[in-house]
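Trainee: Could you go through this model with me, one question at a time? I'd like to see how each answer is reached.

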Amino acid sequence: MEEELRGRLERAGQPHLLRFWAELGPAQREALLEPEELAEHCRRAAQACARHQRPSPGKLEGRIQPLPPELVGGVGSGDPAALQRWEEEGLRQISQGKVAALLLAGGQGTRLGVAYPKGMFDVGLPSHKTLYQIQAERIRRVEQLASQKFGSPCLVPWYIMTSEFTLGPTEKFFRDHNYFHLDKSNVIMFEQRMLPAVTFDGKVILEEKGKIAMAPDGNGGLYRALVDHKILEDMQRRGVQFVHVYCVDNILVKMADPVFIGFCVSKGADCGAKVVEKAYPAEPVGLVCRVDGAFQVVEYSEIPAETAEKRSPDGRLAYRAGNICNHFFSLDFLWEVVEQFESQLTPHVAIKKVPYVDEEGRRVEPLEPNGIKLEKFVFDVFPFAKNFVAFEVLREEEFSPLKNADTATRDTPTTARRSILSQHYRWALKAGGRFVTGDGQPIPQKESFSQDEEPPAVCEISPLVSYFGEGLEKYMRGQNLPSPFLLDESKAEL
């Protein structure tokens with residue numbers, strides 16, 4: 001048997017997988033041979049790596065165009081009536097049970113420096129709510145808003161795509177917190193696939209003597225996972241027609257956002273993306289644009305500097321639609337993707353530091369990147385959309401990702417906490433509240449401040465009390481509010 005396996009692995013170019021064969025038990029031996037089509041996977045990794053290493057900024061010259069204005073809406077459209085129409089349409093769809101939220105939560109949070117899923121992270125709010133709890137409560141609140149508006153109870157199913165690393169801890173966390181008072185049957189967790197990590201010369205990496213180094217297949221692994229776990233069939237049974245897909249790490253995300261949903265439905269869109277205006281031409285964010293007439297996200301490093309710096313007649317960047325991994329899909333479009341287009345998606349390369357065992361079987365933590373992880377991105381399907389739209393939102397209201405530990409300068413627990421506290425401070429002022437010190441002295445108000453500044457007062461408002469900042473006047477107008485101030489559902493009921 002060993003000789004037969006050795007022959008197969010040699011033909012695949014992977015005989016090193018048997019280096020420690022004599023030391024392995026039956027289960028370990030079987031696990032080593034589980035990944036299918038190793039040779040094909042390694043070939044694709046090498047090809048993708050070669051593409052990745054070629055300089056690319058010039059190749060888009062003359063092929064790239066900004067988003068057509070007629071396909072872009074936004075909260076800054078200057079038309080309050082349109083925003084109200086979109087919100088009402090979105091709430092109508094939610095009230096009819098046609099909208100689901102789908103969370104991408106397969107990443108390990110390595111850059112954040114924690115050994116548990118990112119959704120379990122507490123950024124240090126006065127309430128000490130985690131990302132998962134904040135999101136669960138926003139779902140409950142938007143269900144309430146839709147029910148109140150249209151007079152019938154409704155549910156927003158919450159699908160959570162995890163990975164081998166995050167499924168178990170996430171399931172336990174939700175059980176331990178009673179699913180944050182959501183119906184357990186309405187929280188559907190499923191797992192994306194894993195792929196082997198590969199060296200630059202096309203060899204599968206051994207993480208341990210009897211274990212191949214594996215990594216999630218990227219958030220674009222969603223489409224295979226939808227098939228693997230029959231998620232689209234489940235959505236169909238529930239009557240879902242529209243899906244809001246988002247990443248776990250954005251503390252300001254509005255799940256099943258009625259305004260975004262309503263805009264996309266009103267436009268007859270099969271695919272849509274929320275975007276934020278780029279802060280400056282070279283900001284390192286992906287750009288939603290058109291290439292050769294097809295919609296896609298282009299990495300900032302692929303855009304020539306002169307293109308990135310172009311301005312519209314109004315003085316704003318012509319190429320300004322920053323991708324924030326916040327998307328709308330019709331169920332019909334997702335069916336088309338999994339049945340027709342998923343196999344056409346080209347994998348992207350992530351160059352990583354991958355722990356491995358050396359020739360003597362000693363574990364090595366590399367100091368420099370040594371491996372390739374292949375991944376697909378959720379936005380890779382944009383070119384297949386027949387009716388694509390984009391919706392521009394304000395960064396300070398809807399986008400503050402948590403990616404790095406506080407030793408970094410951006411996208412940290414500190415910046416995430418500051419973003420949500422700043423938003424709630426603005427909501428409180430708009431609702432007519434006044435902040436005071438412990439001895440009753442007014443705290444000078446500040447209408448605007450940079451993202452690097454702490455708000456003048458600490459204010460946290462539970463998502464169960466307000467989703468958009470709505471309905472706060474009855475708690476705040478004319479009131480002296482202490483700092484810190486926490487308005488949660490128990491206080492709101494008094």
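Trainee: In the hairpin of β13 and β14, which residue takes a positive phi?

Mentor: Before that, note that this is a predicted model, where local features need pLDDT of at least 70, side-chain atom pairs count only at pLDDT 80 or more, and totals for chains, interfaces and linings use all residues. Residues are numbered from 1 along each chain as its sequence is written, and side-chain values use heavy atoms, with hydrogens and water left out. Now, the hairpin has 2 residues between its strands, and the one with a positive phi, near 55°, is Asp292.

Trainee: Over how many bridges do β13 and β14 pair?

Mentor: Helices (H or I, at least four residues) and strands (E, at least two) are DSSP runs, numbered from the N terminus, and two strands pair if DSSP finds at least two bridges between them. In β14, Phe295 is the bridge partner of Arg290. Strand β13 (residues 287-291) and strand β14 (residues 294-298) run antiparallel, and the number of bridges is 5.

Trainee: Is Asp292 buried or exposed?

Mentor: Buried means under 20% relative accessible area, exposed over 50%, and partly exposed in between (1.4 Å probe, protein chains only). Asp292 sits in the loop between β13 and β14. Its relative accessible area is 52%, so Asp292 is exposed.

Trainee: And what is the relative accessible area of Asn178?

Mentor: Most residues other than glycine have a negative phi. Asn178 is not a glycine, yet its phi is positive at about 50°. You'll find Asn178 in the loop between α6 (167-176) and β5 (187-191). Asn178 counts as partly exposed, and its relative accessible area is 48%.

Trainee: Where is Pro484?

Mentor: Most peptide bonds are trans. The one from Ser483 to Pro484 is cis, with omega near 5°. As for its place, Pro484 is in the loop between β23 (480-482) and β24 (485-487).

Trainee: How do α4 and α9 lie relative to each other?

Mentor: Axes are lines fitted to C-alpha atoms, for helices over the stretch in contact, and angles run from 0 to 180 degrees between N-to-C directions. Helix α4 (residues 80-95) and helix α9 (residues 258-266) have axes that come within 6 Å and cross at roughly 95°. Angles under 35 degrees count as roughly parallel, over 145 as roughly antiparallel, 65 to 115 as roughly perpendicular and the rest as oblique. The two helices, α4 and α9, are therefore roughly perpendicular.

Trainee: What about α8 and α11?

Mentor: The axes of α8 (residues 231-238) and α11 (residues 331-341) come within 11 Å and cross at roughly 160°. Therefore α8 and α11 are roughly antiparallel.

Trainee: How far apart in space are Gln14 and Cys42?

Mentor: Gln14 is in the loop between α1 (2-11) and α2 (26-32), and it is buried, with a relative accessible area of 1%. Contact means heavy atoms within 4.5 Å, and beyond its neighbours within four places in sequence, Gln14 has contacts including Leu38 and Cys42. Gln14 and Cys42 are 28 residues apart in sequence, while their C-alpha to C-alpha distance is 9.5 Å.
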